[in-house]
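Hi,

Here is the structure I promised to pass on. Have a look at it first, and then read on for what I found.

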Amino acid sequence: MKLTEKQVTAIKRKRGELDLSITALANATKVSKWTLIDIFKHDHRNVTKATFKKLNDWLIAEYERTAQHETTI
């Protein structure tokens, strides 16, 4: 499966908002830090279905968590 540029940008943006290191992001997503480095630095966009799902699930969960936090403030 291929990650789009928009997906990668959204993951990078959310990682920045949360101030996560590559290792912390790897732990949060259960995706290897080496895979994340390839995605971010080497424009490696073809990933396994499992990696695609893990990254998308994490991204959705983080945006939902942010939305819930903003509605409770």
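This is a predicted model: local features need pLDDT of at least 70, side-chain atom pairs count only at pLDDT 80 or more; totals for chains, interfaces and linings use all residues.

The average pLDDT of the protein chain is 92, and 99% of the residues score at least 70. Confidence is highest in α2, at a mean of 98, and lowest in α4, at 90.

**The overall picture**

The protein chain has 4 helices and 0 strands, and along the sequence these run α-α-α-α. Its radius of gyration is 12 Å, close to the 11 Å from the globule rule for 73 residues, so the chain is as compact as a globular protein of that length. Along the principal axes, the C-alpha atoms fill a box of roughly 40 × 20 × 20 Å. Of the 73 residues, 32% are buried. If you take the contacts between residues at least 6 apart in sequence, 66% of them join residues at least 24 apart. The accessible surface is about 5,000 Å², and carbon and sulfur atoms account for 55% of that.

**The core**

The largest nonpolar core has 16 residues, and the ones that touch the most other members are Leu3, Ile11, Leu25, Leu36, Ile39, Phe40 and Leu55. Two or more residues come from each of α1 (5–17), α2 (22–29), α3 (33–41) and α4 (49–72). The most come from α4, which gives 4 residues.

**α2 and what follows it**

The buried residues in α2 are Ile22, Leu25, Ala26 and Thr29. They sit on the same side of α2, because they cover an arc of only 105 degrees around the axis. Their packing partners are α1, α3 and α4.

Just after α2 comes Lys30, with a positive phi of about 65 degrees. Val31 lies in the loop between α2 and α3. Despite being in a loop, Val31 is buried, at 4% relative accessibility. Beyond its neighbours within four places in sequence, Val31 is in contact with Ala26, Leu36, Thr51, Lys54 and Leu55.

**α3, and back to Lys33**

In α3, Leu36, Ile39 and Phe40 are buried. Seen down the axis they fall within an arc of 90 degrees, so they line one face of the helix. Trp34 and Lys41 are exposed on the other side of α3. The cover over the buried residues of α3 includes α1, α2 and α4.

Leaving aside neighbours within four places in sequence, Leu36 is in contact with Ile22, Leu25, Ala26, Thr29, Val31 and Leu55. That list includes Ile22, Leu25, Ala26 and Thr29, which are the buried residues of α2. It also includes Val31, from the loop between α2 and α3.

Now for the residue I opened with. Lys33 is in helix α3, and the answer is partly exposed: its relative accessible area is 33%. That value falls between the cut-offs, because buried means under 20% and exposed means over 50%. Not counting residues up to four places away in sequence, Lys33 touches Ile22, Thr23 and Ala26.

**A buried lysine**

One more lysine, this time in helix α1: Lys14. How does Lys14 come out, buried or exposed? Lys14 is buried, with a relative accessible area of 1%. Apart from residues up to four places away in sequence, it touches Trp58, Leu59, Glu62, Tyr63 and Thr66.

Cheers

Definitions and conventions:
Residues are numbered from 1 along each chain as its sequence is written. Side-chain values use heavy atoms; hydrogens and water are left out. A nonpolar core is a set of buried Ala, Val, Leu, Ile, Met, Phe, Trp, Tyr and Cys residues joined through side-chain atoms within 4.5 Å. Buried means under 20% relative accessible area, exposed over 50%, partly exposed in between (1.4 Å probe, protein chains only). Contact means heavy atoms within 4.5 Å. The arc is that of the directions from the helix axis to the C-beta atoms. The radius of gyration is taken over C-alpha atoms; the globule rule is 2.2 Å times the number of residues to the power 0.38. Accessible areas come from the Shrake-Rupley method with a 1.4 Å probe; for residues, only the protein chains shown count as cover. pLDDT is the predictor's confidence in each residue, from 0 to 100.
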